[in-house]
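Subject: Structure handover

Hello,

Here is the structure for you to look through. Please open it next to this email and follow along.

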Amino acid sequence: MKREQAESGAAQPGTAQSSGVQSIAVLGSTGSIGTQALDVARGRGWQVTALAAGRNLELLEAQVREFRPGLVSVEQGVLGEARARLAGLGAQVIADPSEVAAHRADVTVNAMSGLIGLAPTRAALEAGQAVALATKEAMVTAAHLMWQAAAVGGGRVVPVDSEHTGMFQCLTGEDMADVAELILTASGGPFRLGPDDLSGVTPEQALRHPSWSMGPKVTLDSATLLNKGLEVMECASLYGLPLSQVGVVVHPQSIVHAAVRYRDGSLKAQFGPTDMRLPIAYAIDAAPTGMRRPGDVRGARRGPEVASHGSWPLLGDWEFRAPDLRRFPCLELAYRAGNAGGLAPVVLNAADEVAVDAFLAGQIGFMDIPRLIERLLDETPGGDLTWDSLNEADAWARVRARELCAGSLGNSTGSGVRA
């Protein structure tokens, strides 16, 4: 019976085990998720065996001095400087995050943002690592390739995002065949209540998230609701359901992170404080027995209290409402790309990254972001998703998006992409 359940892809009731995590490797260690993962490691007393960072050598040096990892990766352009700064600290310094991803550790935390995080995720899974995955692009743009890597090497995945970790907890002990709908919550971002016309909002306004402390890219994507659209696509890929069974509700308090509606009409929700250290800690605890295929959800024993949240008060009012697709068309564009499949999610992701950078630089207006994404989706080439076609589509989309930003969108005040 246990073998039949394991092969069915159903969530496994009654299989919670102590994770026994003692060591982690962290990719993206100087970013928002990475620093909070190290905060959890500090509180839990875990050994940090390896770190991967970009160019923030000052923070990286402090991390190496504290945690004493044996292996450190940085961007190629600062490799020489990093080796000089970290000399004598006992770490081998390289410029290959994929080697860090496959390095010996009980859990690999991948907090790298963007497509640059795909190769390390693949390397970790093919090496049989347990991965706490914060790199949403892995499941948005390359889901079946990632599951193939897990099948090849025996790696496991548990998502780090609060919504997906919440969903994971809601599904523990349930059969995926009983799921009617997965429900993700969105704070609504800084423009939830207005203004009605978003074409004139500034980067400073868009970066004032009301609930979470995050990096600028994720914060801006939350303002457009594109981040929620990416999470919809990621959710479907993680749990093996069609996009039609993944819904979004706006929940300004950001206390309920995810909910599942079952076929009998029952609902189960996961809620708690808006502190990313909680989902990070759970993802790391659960990763050693994590998913090897979509919907392969298994419970895990929880570690000790995180950040004194054991006495968090269950007080206040909770609101739920439907998202405004007229003001936030990026959410609908994500559903469009996810339903189209193939290379469309790759193009959506690349177009958004270019658009966000252009908006933050004052090159285009806020509402030009969805217009640019829609234009690129209209022009998306056909073809099957492979590692080669993924890279080719990403490169094409970035070049095309920059052309549009420099041309018809250059110095825009919200007029949009012209055909």
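Ala 186 has Val 250 in S10 as its bridge partner. The two strands, S9 and S10, pair in the parallel sense over five bridges. Strands pair if DSSP finds at least two bridges between them. Helices (H or I, at least four residues) and strands (E, at least two) are DSSP runs, numbered from the N terminus. Strand S10 covers residues 246-250, and four of its five residues are buried, so the strand is largely enclosed by the rest of the structure. Buried means under 20% relative accessible area, exposed means over 50%, and partly exposed is in between (1.4 Å probe, protein chains only).

A word on the source. This is a predicted model: local features need pLDDT of at least 70, side-chain atom pairs count only at pLDDT 80 or more, and totals for chains, interfaces and linings use all residues. Residues are numbered from 1 along each chain as its sequence is written, and side-chain values use heavy atoms, with hydrogens and water left out.

**Annotated residues**

An unreviewed UniProt entry carries the annotation "binding site" for Lys 136, Ser 162, Glu 163, Ser 187, His 209, Ser 222, Asn 227, Lys 228 and Glu 231. Of these residues, Ser 162 is included in the lining of the second largest pocket. On a 1 Å grid over the protein atoms alone, a pocket is an open set of points with protein on both sides within 12 Å along at least five of seven lines; a cavity is a set where a 1.4 Å probe fits but cannot get out; lining residues have an atom within 4 Å of a point. UniProt positions use the numbering here, feature names are shortened, and annotations may be inferred rather than shown by experiment.

Ser 187 sits in the loop between strand S9 (179-186) and helix H10 (203-206). Ser 187 has a relative accessible area of 11%, so it is buried. Its side chain reaches the backbone nitrogen of Gly 189 at 3.0 Å. That is a polar contact: N or O atoms within 3.5 Å, where one must be able to donate a hydrogen and the other to accept it; residues adjacent in sequence count only if both atoms are side-chain atoms.

Ser 222 lies in helix H11 (residues 216-224). It is buried too, at 9%.

**Aromatic rings**

The structure holds four aromatic pairs. Rings of Phe, Tyr and Trp (its six-membered ring) pair if their centres lie within 6.5 Å; planes under 30 degrees apart are stacked, over 60 edge-to-face, and the rest tilted.

Phe 168 and Tyr 282 are edge-to-face, at 6.1 Å centre to centre and 65° between the planes. Phe 168 is in helix H9 and Tyr 282 in helix H13, 114 residues apart. Both are buried.

Phe 271 and Trp 318 are also edge-to-face, at 5.0 Å and 65°. They are 47 residues apart. Phe 271 is partly exposed at 35%, and Trp 318 is partly exposed at 32%.

Phe 191, Phe 359 and Phe 366 form one aromatic cluster.

**Cysteines**

How many disulfides are there? A disulfide is a pair of cysteine sulfur atoms within 2.5 Å. By this rule the count is zero. The sulfur of Cys 235 is 10 Å from the closest cysteine sulfur, in Cys 170, so it is too far for a bond. For Cys 405, the nearest cysteine sulfur is that of Cys 330, 13 Å away. Cys 235 is buried at 0%, and Cys 405 is buried at 1%.

Best wishes
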